[in-house]
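Me: Could you take me through this model before I set anything up with it?

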Amino acid sequence: MARDGICAAVSLWGPPRPEARLFAGVNSHCPPTLFIHGTADALVPYHLSPELLAELNAAGVEGALLTFEGAPHTPVMHMDEIIAAIASFLDDHSD
């Protein structure tokens, strides 16, 4: 993913499938990315988010993972924290 014009990205609930990664071709031009994922996600396995974050970090791209222990695919009970984390991350990476 080219970084041109993109100051940061947010991945809600992880990539849909390992073979359909939204960030195919991870490289140093990828934007800083915040991942938000619940460990009890029955739709998208949680392990995909830390794995993709590790790939980005290995390419020299900053990222963060906000994990909700025991939370399902859409952890609505944590929306206030999710909104605050997204706002802070995007603010930290705005030009």
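Me: What is the mean pLDDT of the protein?
Reply: This is a predicted model, in which local features need pLDDT of at least 70 and side-chain atom pairs count only at pLDDT 80 or more, while totals for chains, interfaces and linings use all residues. Residues are numbered from 1 along each chain as its sequence is written, and side-chain values use heavy atoms, with hydrogens and water left out. The mean pLDDT (the predictor's confidence in each residue, from 0 to 100) is 87, and 86% of the residues reach 70 or more.

Me: And in which order do the elements run?
Reply: From the N terminus the order is β-β-α-β-α, which gives two helices and three strands; these are DSSP runs numbered from the N terminus, helices being H or I with at least four residues and strands E with at least two.

Me: Which residues form the largest nonpolar core?
Reply: That core has ten residues, namely Ala8, Trp13, Leu34, Ile36, Leu66, Phe68, Ala71, Ile82, Ile86 and Phe89. A nonpolar core here is a set of buried Ala, Val, Leu, Ile, Met, Phe, Trp, Tyr and Cys residues joined through side-chain atoms within 4.5 Å, where buried means under 20% relative accessible area, exposed over 50% and partly exposed in between (1.4 Å probe, protein chains only). Strand 2 (33-38), strand 3 (63-68) and helix 2 (79-92) each supply at least two of its residues, and helix 2 gives the most, with three. Apart from it lies another core of six residues, including Cys30, Phe35, Leu52 and Val61.

Me: OK, cysteines: how many disulfides does the search find?
Reply: Zero, over the whole structure, counting a disulfide as a pair of cysteine sulfur atoms within 2.5 Å. Cys30 is buried, with a relative accessible area of 2%, whereas Cys7 is partly exposed at 24%.

Me: Switching topic, where is Asn27 found?
Reply: Asn27 sits in the loop between strand 1 (9-12) and strand 2, and its relative accessibility is 29%, so Asn27 counts as partly exposed. A polar atom of the Asn27 side chain lies 2.7 Å from the backbone nitrogen of His29.

Me: How far apart are Asn27 and Glu55 in space?
Reply: Their C-alpha atoms are 8.5 Å apart, although the two residues are 28 residues apart in sequence.

Technical notes. Polar contact = N/O pair within 3.5 Å; in protein donor to acceptor, adjacent residues only side chain to side chain.
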